[in-house]
Amino acid sequence: MDQIEHKYIDVRGLKLHVAEIGTGPSVVFLHGFPEIWYSWRHQMIAVANAGFRVLAPDFRGYGLSQQPDEPEKASFKDLIEDLLVILDSFSIPKAILIGKDFGALPANLFAVLFPERVSGVVTLGVPHFPFPPSSLFGQLPEGFYILRWKEPGRAEADFGRLSVKTVVRNIYILFSGSELPIAAENQEIMDLVDPSTPLPPWFTEEDLAAYAELYEKSGFRTALQVPYRTMQEDSSLTNPIIKVPALLIMGEKDYFLKVPGMEDYLRSGKVKDFVPDLEITFLPEGTHFVQEQFPDQVNQLITTFLSKRTN
């Protein structure tokens, strides 16, 4: 971890944080929620050791990156435009993008919009789908966490009852389960976690402290806006096909597979209508945090994919 450098660049009026390590062909990691650059700590070092230059930005309003003046106006489009500026700022003509959770969306969209800047895409936990993500959740009850957090003020009130550290702890516990987080009518999402529940064994108190320190700084305003309150955005892609080689890594016990239609979309091969050159790997015991849960296996999958793309 000590060899990772931390840089700040001006991106469209904001100072964004980018962690960097290594030399060689460029790989850019894009985090999900409640993650930050730190969630790629295992992958960054392994990929750098395999001969690559690795960047892991904190999205605007996350981690060490500056908050936009009006977080409630942030959008997925911002993430695409920020990524373009980041690549230009680091003089990277072409990169392999690796996105986890909602970070898979800008990775995939960028590959569609700027194919000349992308030589491959790896996503974890979320596949490419050429329709607004909000359309996936119409069959789920109102208590589904994404629908709850989409409502302005609801998550703020729920989170505000607890310390930032407890909020991050609860989300890690919830999202590492195999069932969709759904609250009853008289419950809030944070109430789904018993305070005595331990952290997953692969996520230490030191890891939690690192996350909590950064969320103490950033808060959750931008994080709730992107992704949860911008999922209805229509990217208006006329040809949403990813033409570069791609790898999808999914945990067999990832709760996201329980979203109605999701498992069939993947196992039937329908996803390959939109990502023709796609390899899918399921990790039998993997949850939504496969890159932290099984770093060695994920690192091997990623470095094998990278070596094929650059040799």
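Which strands does helix H3 (residues 104-113) lie across? The strands are S3, S5 and S6 (118-124). Helix H3 runs at about 155° to S6. The model is predicted.

## The sheet

Eight strands build an open sheet with mixed pairing. Their order is S1-S2-S4-S3-S5-S6-S7-S8. Strand S1 (5-11) and strand S8 (278-283) are the edges, and each pairs on one side only. From one strand to the next, the twist averages 20°.

## Strand S3 and its partners

Strand S3 (residues 26-30) runs parallel to strand S5 (residues 95-100), and five bridges join them. One of the bridge partners in S5 is Ala 95, which pairs with Ser 26.

S3 also runs parallel to S4, joined by three bridges. Here Val 27 has Val 54 of S4 as its bridge partner. The chain passes from S3 through H1 to S4, making a right-handed β-α-β crossover.

## Helix H1

Helix H1 (residues 41-49) packs on the sheet. It touches strand S2 (14-21), S3 and strand S4 (53-57). The direction of H1 makes about 55° with that of S2.

## Strand S4

S2 and S4 pair in the antiparallel sense, over four bridges. Ile 21 has Val 54 in S4 as its bridge partner. Val 54 is also the partner of Val 27.

S4 is mostly covered, with five of its five residues buried. Arg 53, Leu 55 and Pro 57 point one way from the strand. Val 54 and Ala 56 point the other way. Arg 53 is buried along with the rest of these residues.

How values were computed:
Residues are numbered from 1 along each chain as its sequence is written. This is a predicted model: local features need pLDDT of at least 70, side-chain atom pairs count only at pLDDT 80 or more; totals for chains, interfaces and linings use all residues. Side-chain values use heavy atoms; hydrogens and water are left out. Two strands pair if DSSP finds at least two bridges between them. Helices (H or I, at least four residues) and strands (E, at least two) are DSSP runs, numbered from the N terminus. Axes are lines fitted to C-alpha atoms, for helices over the stretch in contact, and angles run from 0 to 180 degrees between N-to-C directions. Contact means heavy atoms within 4.5 Å. Buried means under 20% relative accessible area, exposed over 50%, partly exposed in between (1.4 Å probe, protein chains only). A crossover is right-handed if, with the strands pointing away from the viewer, the path from the first strand over the helix to the second runs clockwise.
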